[in-house]
Amino acid sequence: MIQQILAIAVILFFIARLYWQRKKDEISRAELSFWLAFFLLAGLAIVFIKYIDEFVAGLGFSATGINVLFYAAVVLLFYVVFRLRLRQEKIERNITKIVREIALKGKE
């Protein structure tokens, strides 16, 4: 129980930080919405972890609900890293294209 309380406190801290960053205009509304939804879902998962355990056991998995959530989080993180890498490649291609155009205009 103390672990759940600490986890909820950390999530509330992160949510407060989100609103503070939005107030300072450091993040967009879309980012605020995404992270707010993420942290709210994490909070719900913590609150209802016993039901998740029962659901996972009902599916026939030997792991506990928290383990399944951890595995899902790792998969999600790999996906996010993959998407960020694709975005980084696109930005690098665009920068190269812009620099090339500037260099060619400088020769004229």
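Phenylalanine 14 has a relative accessibility of 36% in this predicted model. That value falls between the limits of 20% for buried and 50% for exposed, so phenylalanine 14 counts as partly exposed. Phenylalanine 39, with a relative accessible area of 14%, is buried.

A search of the whole structure gives 8 aromatic pairs. In one of them, phenylalanine 14 and phenylalanine 39 are stacked, with 5.3 Å from centre to centre and 20° between the planes. Phenylalanine 14 belongs to helix 1 and phenylalanine 39 to helix 2, so this pair ties together parts that are 25 residues apart in sequence. Both residues are also members of one aromatic cluster, together with Phe13, Phe34, Trp35 and Phe38.

Beyond its neighbours within four places in sequence, phenylalanine 39 is in contact with Phe14 and also with Ile11, Ile15 and Leu18. Ile11, Ile15, Leu18 and Phe39 are part of the largest nonpolar core, which has 8 residues and also includes Ile27, Leu32, Leu36 and Ile46. Two elements, helix 1 (2–23) and helix 2 (29–47), each give two or more residues to this core. The largest share, 4 residues, comes from helix 2.

How do the two helices lie relative to each other? Their axes come within 10 Å and cross at roughly 170°. An angle over 145 degrees counts as roughly antiparallel, and helix 1 and helix 2 are therefore roughly antiparallel to each other.

Notes. Residues numbered from 1 in each chain as written. Predicted model: local features only at pLDDT ≥ 70, side-chain atom pairs only at ≥ 80, totals over all residues. Heavy atoms only, no water. Core = buried A, V, L, I, M, F, W, Y, C linked by side-chain atoms within 4.5 Å. Buried < 20%, exposed > 50% of the residue type's maximum accessible area, 1.4 Å probe, protein only. Contact = heavy atoms within 4.5 Å. Axes fitted to C-alpha atoms, helices over the stretch in contact; angles between N-to-C directions. Parallel < 35°, antiparallel > 145°, perpendicular 65-115°, else oblique. Phe/Tyr/Trp six-rings, centres within 6.5 Å; stacked < 30°, edge-to-face > 60°.
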